[in-house]
Amino acid sequence: MNTSPSGHLPITDMITGLTLDKAASPDCEALALLARSAHSHPWSAGQYRDSLESGHDCWIFRTDTGAIAACCVVSRLFDEVEVLDVAVAPEWRRRGVGASLLQQIFSSLPEDVARVLLEVRASNRAGRALYHKLGFSEDGRRKNYYPKADGSREDALLMSLIL
């Protein structure tokens with residue numbers, strides 16, 4: 001097995017055993033459980049179900065045991081796609097899973113999609129680093145957009161990727 005100069009396994013070797021799939025209604029409870037492990041204000045099973053029923057795509061990485069390692073919900077409007085939710089299970093973090101999931105989704109988008117949009121908590125350094133690594137740029141800020149556990153609010157950073 002080849003290793004990178006840093007001695008770490010290449011991303012492709014680290015995520016062996018994950019299969020890209022689209023989520024369906026029976027996955028919503030597992031998606032909500034994943035969201036609770038990844039977000040301070042997670043989506044509920046009902047919110048995932050509503051999202052699927054409204055036509056959003058929910059892509060998942062499923063393990064060889066059937067568990068969901070990561071998910072990404074996207075919505076398409078004309079020539080843009082908006083990333084609505086990204087979550088990676090704790091045991092799969094810092095292994096390239098989130099980057100691989102997003103790259104696979106973006107590479108499968110129709111040719112007429114020109115841009116990907118998302119918003120991220122200003123305090124989410126790992127998420128911001130991932131999005132910058134993938135080529136996203138910061139376009140603006142929504143003041144006091146996200147609720148915080150202490151009752152205060154924090155800014156959302158608006159980001160975009162030109163395809």
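Student: Is Tyr48 buried or exposed?
Tutor: In this predicted model, Tyr48 counts as buried because its relative accessibility is 1%, where buried means under 20% relative accessible area, exposed over 50% and partly exposed in between, with a 1.4 Å probe and protein chains only. Local features here need pLDDT of at least 70, and side-chain atom pairs count only at pLDDT 80 or more.

Student: How many aromatic pairs does the structure hold?
Tutor: There are four aromatic pairs; rings of Phe, Tyr and Trp (its six-membered ring) pair if their centres lie within 6.5 Å, and planes under 30 degrees apart count as stacked, over 60 as edge-to-face and the rest as tilted. The rings of Trp43 and Tyr48 form a tilted pair, because their centres are 4.9 Å apart and their planes stand at 50 degrees.

Student: What about Phe106 and Phe136?
Tutor: That pair is tilted too, because the ring centres are 6.0 Å apart and the planes are at 55 degrees.

Student: Which residues is Tyr131 in contact with, leaving aside neighbours within four places in sequence?
Tutor: Tyr131 is then in contact (heavy atoms within 4.5 Å) with Val86, Leu102, Leu118, Val120, Phe136 and Met159.

Student: Switching topic, where does the charged end of Arg142 sit?
Tutor: It sits over the ring of Tyr145, 5.5 Å from the centre, given that a charge sits over a ring if NZ of Lys or CZ of Arg is within 6 Å of the ring centre and within 35 degrees of the ring normal. Arg95 likewise lies over the face of Trp92, at 4.3 Å from the ring centre.

Terms used. Residues are numbered from 1 along each chain as its sequence is written. Side-chain values use heavy atoms; hydrogens and water are left out.
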